[in-house]
Amino acid sequence: MYTLRPYQQDSVNATLHYFRKSSEPAVLALSTGAGKSLIIAELARLARGRVLVLAHVKELVEQNHKKYESYDLNASIFSAGLGRKESDQQVVFASVQSIVNSLEQFTEQFSLLVIDECHRVPLDENSAYQRVIKHLKSNNSTLKILGLTATPYRLGLGWIYQYHTRGQVRSTEERFFRDCIFDLPIRFLLDEGFLTPPKLMDMAVLSYDFSAISPSKAGHYKESDLDGVIQKAKRATPLMIKQVVEQAKDRLGVMIFASTVSHAHEIMSYLSDENASLVIGDTPIDERDRIITAFKNQQIKYLVNVSVLTTGFDAPHVDLIAILRPTASLSLYQQIVGRGLRLSEGKKDCLVMEFAGNCYDLYQPELGEPKPNSESEMVTIPCPACQFNNNFWAKVDPAGFVIEHYGRQCQGYKLGEDGIRDICGYRFRAKICESCGEANDIAARRCGGCDHVLVDPDKKLREAMNLKDAMILKCVDMQLVATKNRFDKLQLTVSYFSEDNSEIKQVWQLSTVAQKKLFLRQFIQPHLIDRHRPFIESAPTKVIRNQHRLRHPDVVIAHKEGRFWKVRDKLFDLDFYQSES
């Protein structure tokens with residue numbers, strides 16, 4: 001029988017509270033080593049109806065089942081890999097592949113479905129997970145679905161849920177899980193002594209340079225690209241393994257993460273005199289089980305692997321992690337290091353040897369956007385519209401002041417009394433539609449308000465540079481003056497100035513209602529700094545009085561009409577677009 005840690009009890013309480021009010025699928029985001037198995041066991045113990053606990057590998061099925069039975073309770077196991085297909089008990093621990101091939105055996109109602117490593121659940125209705133879920137829901141439409149994961153963010157997809165319990169929008173696109181109802185960062189576990197502290201050694205002098213190769217959108221590197229980098233540093237690999245062996249003299253268990261299969265075999269050749277074994281995707285199941293069991297029993301000291309032991313692997317005695325592979329994912333990096341952070345008797349720390357140049361802060365929360373460059377830092381930016389504190393990447397000067405942040409849209413929302421989420425949606429950067437004035441995401445191709453085609457500013461600039469009758473002015477200042485036209489009607493004259501005092505003028509007629517609407521849409525909206533506050537003034541003197549709320553463009557493009565230059569385009573945030581391209 002185990003006693004729950006305070007945060008584990010809090011996560012159980014959060015789950016019970018949520019499912020009393022909602023039947024939407026929810027997520028518990030728990031860092032590696034948080035003890036998901038105990039939380040699952042407690043929830044299964046408290047459930048009134050039947051419970052199904054799903055996992056994608058037999059090791060997790062067995063681990064979760066073992067924790068549940070530590071409560072002196074009995075549960076079924078339905079897993080071909082474990083040689084058991086039982087479903088008679090109130091709680092069933094199962095592998096998803098075994099269940100999906102035997103759905104006809106599960107005709108009774110389940111009240112709770114728990115999915116371990118739930119980031120593997122896709123939206124594809126033909127997937128094994130979705131077929132199981134559809135079958136269970138056909139027997140009980142109010143089935144509660146809870147997912148647990150240490151990696152709720154996946155490259156190529158993004159966040160696996162839509163809303164965070166602290167009032168944060170993670171995704172505006174459809175996700176299977178709606179809410180993250182409990183989030184436990186790795187920093188908390190380390191600060192509270194629930195994990196072994198990592199001792200990071202950045203092997204910058206002796207390391208692979210993977211900076212010239214790029215991963216796919218899903219975060220995967222081409223094996224040929226990885227092998228190419230390793231071949232160029234062929235002399236370095238034996239020296240790296242020599243350093244690992246030297247540092248491992250007083251260590252109990254060593255895990256080495258290789259880049260490719262051929263790389264792993266090369267590493268094994270340098271460990272021929274050591275007690276080492278290799279696990280890859282093609283390792284036969286019986287052989288893999290034998291190796292992992294021997295490693296957990298400390299009969300094997302060095303365990304080399306290629307992308308197969310990053311999740312669902314529990315060997316608390318591991319106290320040295322050698323990373324010889326790149327990763328584009330902070331979450332995956334934390335998972336790799338997390339293999340060595342579990343508590344174990346006599347273990348004081350875990351040495352992490354970084355040979356692949358992965359520049360991640362282990363304590364850094366996942367931001368949901370790739371790091372723009374190695375110099376970028378995470379900063380907190382309050383939303384001017386709703387005051388929500390957003391975490392964004394940013395350029396920071398030596399004194400710690402933010403030069404520029406890369407945030408696009410406020411992530412905050414507020415929950416109304418009717419349960420409807422009011423998403424703030426304030427855009428820190430926007431592509432303003434020249435037709436209707438709508439503020440769109442800077443990556444949008446069509447306006448969300450009027451479906452007008454939106455063209456990137458850098459593309460407009462390139463096209464203007466190829467025109468013979470175009471004047472391109474790099475704007476450094478803007479001046480507004482109230483004037484009158486030849487009919488003695490009020491108008492606003494806007495002058496754009498360059499560094500050498502070159503000038504382009506733009507005149508806005510403001511006599512009729514139609515003219516005022518056009519002015520507010522095509523001039524005020526693109527220039528407005530604080531778009532969360534309404535700007536309804538159209539009288540020239542009142543506009544000038546509020547000029548502090550207006551920004552000048554980066555570039556003004558004009559073309560010749562007779563003897564005069566007429567403004568054709570105004571480009572904003574040009575530096576940002578060029579840095580993105």
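Reader: How many aromatic pairs does the structure hold?

Author: The structure holds 18 aromatic pairs. Rings of Phe, Tyr and Trp (its six-membered ring) pair if their centres lie within 6.5 Å; planes under 30 degrees apart count as stacked, over 60 as edge-to-face and the rest as tilted. This is a predicted model, in which local features need pLDDT of at least 70 and side-chain atom pairs count only at pLDDT 80 or more, while totals for chains, interfaces and linings use all residues. Residues are numbered from 1 along each chain as its sequence is written, and side-chain values use heavy atoms, with hydrogens and water left out.

Reader: Why is the pair of Tyr 18 and Phe 19 called edge-to-face?

Author: The ring centres of Tyr 18 and Phe 19 are 5.4 Å apart and their planes stand at 70°, so the pair is edge-to-face.

Reader: What makes Tyr 18 count as buried?

Author: Buried means under 20% relative accessible area, exposed over 50%, and partly exposed in between (1.4 Å probe, protein chains only). Tyr 18 has 11% relative accessibility and therefore counts as buried. Phe 19, with a relative accessible area of 10%, is buried because of that value.

Reader: Which parts of the chain does the pair of Phe 392 and Phe 428 link?

Author: Phe 392 and Phe 428 form an edge-to-face pair, 5.4 Å centre to centre with 80° between the planes. The pair links distant parts of the chain: Phe 392 lies in strand β20 (residues 389-396) and Phe 428 in the loop between β23 (421-423) and β24 (431-432), 36 residues apart. Strands (E, at least two residues) and helices (H or I, at least four) are DSSP runs, numbered from the N terminus. Both Phe 392 and Phe 428 are buried.

Reader: What makes the charged end of Arg 170 sit over the ring of Trp 159?

Author: A charge sits over a ring if NZ of Lys or CZ of Arg is within 6 Å of the ring centre and within 35 degrees of the ring normal. The charged end of Arg 170 sits over the ring of Trp 159, 3.6 Å from its centre. Likewise, the charged end of Arg 421 sits over the ring of Tyr 163, 4.4 Å from its centre.

Reader: How many bridges join strand β1 to β12?

Author: Two strands pair if DSSP finds at least two bridges between them. Five bridges join β1 (residues 26-30) to β12, and the two run parallel. Cys 180 in β12 is the bridge partner of Val 27. Strand β10 (residues 161-164) also pairs with β12 in the parallel sense, over three bridges. Strand β12 (residues 177-184) is mostly covered, with six of its eight residues buried.
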